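Hello! Here is the structure I promised to pass on to you. Have a look at it first, and then read my notes below.

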Amino acid sequence: MSAPSAVVEPLVRVTGVRKSFGSLEVLRGVDLAVAAGEVTCVIGPSGSGKSTLLRCINHLEKIQGGEISVGGQLIGYREKNGNLHEMRDAEVRKQRAEIGMVFQSFNLFPHMSVMENICEAPRSVRGKSKQEAEAQAMVLLKKVGLVEKVNAYPGQLSGGQQQRIAIARALAMEPRLMLFDEPTSALDPELVGEVLDVIEALAASGMTMIVVTHEMGFARRVANKVVFMDQGLVVEEGPPETFFGNPREDRTRAFLRAVL
Amino acid sequence: MSVVTTQTGEPSSSQAVRKIIPMRRTGTWITAIIVLAISAMVIDSLANNPNLNWAVVGQHLTAPLILRGLWTTIWLTVVTIIIGYILGTGLAAMRLSKNVVLNAVSWAYVWLFRSIPLLVLLLFWFNIAAIYPRIEVPFSDQLIWIASLVSGQEIDPKALSAPSQQLITTMMAALFGLIMHEAAYAAEIVRGGILSVHHGQQESATALGLSKFRIFTRIILPQAMRSIIPAAGNSFIGMLKGTSIVSVLAVEDLLYSAQIIYNFNYHVIPLLLVATIWYVILTSVLSIFQYYIERHYARGSRSSESPAGMAIGFVGAQVARVLSRKQ
């Protein structure tokens, strides 16, 4: 199964993943490999299964076939006597803690201040002390450029600011992998840039990321690899230059014509 | 074009400042006067009505028996609310769980205890001895058998049980009935509040690796509180007055204490007024509490305050100031 070029085991390996909601098959055998330190942008029409794929990677959705592994560890299942045994909640939680996720609708906790939002998981999951967690939060807030909003509540922030806080909150868990699910789709156009800048800086720092996005400029600029999905399958993937410059598949060409 | 824009752009001298004349609100005034007149008549008829006998009301307002009844009403209400809501939250969590059995049991409980009128439920508890004459420790027969084997002595087979009538006092019967009733309503109120929290909250907390318990207590419940509190406030006040039903079990609550006195001196109306005054005071205190709790859980939201809320806040602040000055 391993790709001929991959000498090192990729950080994320998705093999033949299937997922259905009732009779609707959303993922129909998806394969994907993401090397450590690489940025993969997943694009495709809505309903193509991009978001579902992300949600399967941190086991927010259970898969019905195939395998997903992160860092060589199967996600959500344990192999025993040739069978896959479903993991207990506590074990899945440990795996999730290593994977940061940023949502389209930010999903900050509205009843908590920015500081409390960022410190909640490091304190309750990682068992960090208040001082430790808060010191780390300040470092992250500096990174996303929102130190002055430390005591604000999410409702007092713009969409772009909320999304940057959400990124800081995910980073506070010191994840090995970051998943971005259309991080700028819910933003006013003038706020998209500030969020993409933060994500781009994060990419430059060597974070492994899978970004589902409609921002083609961003994908072209930042991605190491662009993956095009349609109807629950990966149609085409490749480095951005060849992907955007010389797409192989008709469906890719049709999609790019429509969005560019 | 440019000439026109300069003319409209600057306030010209020909357009002298025009006064805004508010609309005449004759109807508003007339209605207000009529309502005030009717209110004055009602108040006058009550205040100067010899049958209400305000002097007797004043005499009994702080009578020892009334204060003792008041205390019973307060603690019955408080204990019922606290235990009722703890059970109700558990029932709500059961109802929302994926476990089919827990789900069904919770549904059945709510269905049953919302169907039984509180008065009927209280009468059942009052007559519990007719259903279960004796109450025993679970597996008491086996326990006694083992104990007699170990000690080698004959042990009274009734050692681990007692007559229900002895064990369940009328006060306990009243409390159990009230709690079971309140828990059923609390379950629905809490469940509604939990359902009002956006699904993304659960999702992002899960993605961060928080435990289910932590997500429920730290993320979901505090947000659910915003819609739980107004409904719960209603049910607290309902329960406060609902406790007066226990007077049928001869539990000496506020109402029953008033009844004891008027059965003795025949001042029925003044003593009902005494009870009413205390119920009004307790309800007002609860309303003030509700205002502060609502404000606490509104953290992070920008909803503006209603005038009524501000009035309650003002009254609350004045009361607090007077109390602090007394100390």
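**Notes on what I found**

Leaving aside residues up to four places away in sequence, Arg55(A) touches Leu60(A), Glu61(A), Met101(A) and Glu203(B). Please keep in mind that this is a predicted model. Arg55(A) sits in helix 1 of chain A, which covers residues 50–57. Is Arg55(A) buried or exposed? Its relative accessibility is 15%, so Arg55(A) counts as buried, because buried means under 20%.

His181(B) is found in helix 10 of chain B. With a relative accessibility of 14%, His181(B) counts as buried. Again not counting residues up to four places away in sequence, His181(B) touches Phe113(B), Ile116(B), Leu118(B), Leu121(B) and Met239(B).

**The pockets**

Rolling a probe the size of a water molecule over the atoms shows where empty space is left. The largest pocket has a volume of about 1200 Å³. Its lining is made of 28 residues, and those nearest its centre are Lys98(B), His199(B), Gln202(B), Thr206(B) and Lys212(B). Which elements give two or more residues to this lining? They are helix 2 (89–97) of chain A, together with helix 4 (64–96), helix 10 (170–195), helix 11 (199–207) and helix 12 (212–242) of chain B. Sorted by class, the lining of the largest pocket has twelve nonpolar, six polar and ten charged residues.

The second largest pocket has a volume of about 570 Å³. It is lined by 23 residues, of which Ile81(B), Ile82(B), Phe236(B), Leu286(B) and Ile293(B) are the closest to its centre. Helix 4, helix 12 and helix 14 (268–297) of chain B are the elements that give two or more residues to the lining of the second largest pocket.

**The strands of chain A**

Strands of a sheet pair through backbone hydrogen bonds, either parallel or antiparallel. In chain A, six strands form an open sheet with mixed pairing, in the order 8-9-10-3-11-12. Strand 8 (99–102) and strand 12 (233–238) of chain A are the edge strands, since each pairs on one side only. On average, neighbouring strands of this sheet are turned by 20 degrees against each other, direction ignored. Strand 8 of chain A runs parallel to strand 9 (residues 177–181) of chain A, and four bridges join them. Here Val102(A) stands opposite Phe180(A) of strand 9. Helix 5 (residues 159–171) of chain A packs on the sheet, where it touches strand 8 and strand 9. The direction of helix 5 makes about 170 degrees with that of strand 8 of chain A.

There is also a hairpin to find: strand 6 and strand 7 of chain A form it, with two residues between them. Strand 6 (residues 77–80) and strand 7 (residues 83–86) of chain A run antiparallel and are joined by four bridges. Glu79(A) stands opposite Leu84(A) in strand 7 of chain A. In the turn, Asn81(A) has a positive phi of about 50 degrees.

**Two more backbone angles**

Most residues other than glycine have a negative phi. Glu174(A), in the loop between helix 5 and strand 9 of chain A, has a positive phi of about 50 degrees although it is not a glycine. At 48% relative accessibility, Glu174(A) counts as partly exposed. Phe139(B) also has a positive phi, near 60 degrees. Phe139(B) lies in the loop between strand 1 (134–136) and helix 8 (140–151) of chain B, and at 63% relative accessibility Phe139(B) counts as exposed.

Happy exploring!

Key:
Residues are numbered from 1 along each chain as its sequence is written. Chains are lettered from A and ligands numbered from 1 in the order in which they are written. This is a predicted model: local features need pLDDT of at least 70, side-chain atom pairs count only at pLDDT 80 or more; totals for chains, interfaces and linings use all residues. Side-chain values use heavy atoms; hydrogens and water are left out. On a 1 Å grid over the protein atoms alone, a cavity is a set of points where a 1.4 Å probe fits but cannot get out, and a pocket is an open set with protein on both sides within 12 Å along at least five of seven lines; lining residues have an atom within 4 Å of a point. Grid points are joined across faces, edges and corners, and a volume is the space filled by probe spheres set on the points. Ala, Val, Leu, Ile, Met, Phe, Trp, Tyr, Cys and Pro count as nonpolar, Asp, Glu, Lys and Arg as charged, and the others, Gly among them, as polar. Buried means under 20% relative accessible area, exposed over 50%, partly exposed in between (1.4 Å probe, protein chains only). Contact means heavy atoms within 4.5 Å. Two strands pair if DSSP finds at least two bridges between them. Axes are lines fitted to C-alpha atoms, for helices over the stretch in contact, and angles run from 0 to 180 degrees between N-to-C directions.
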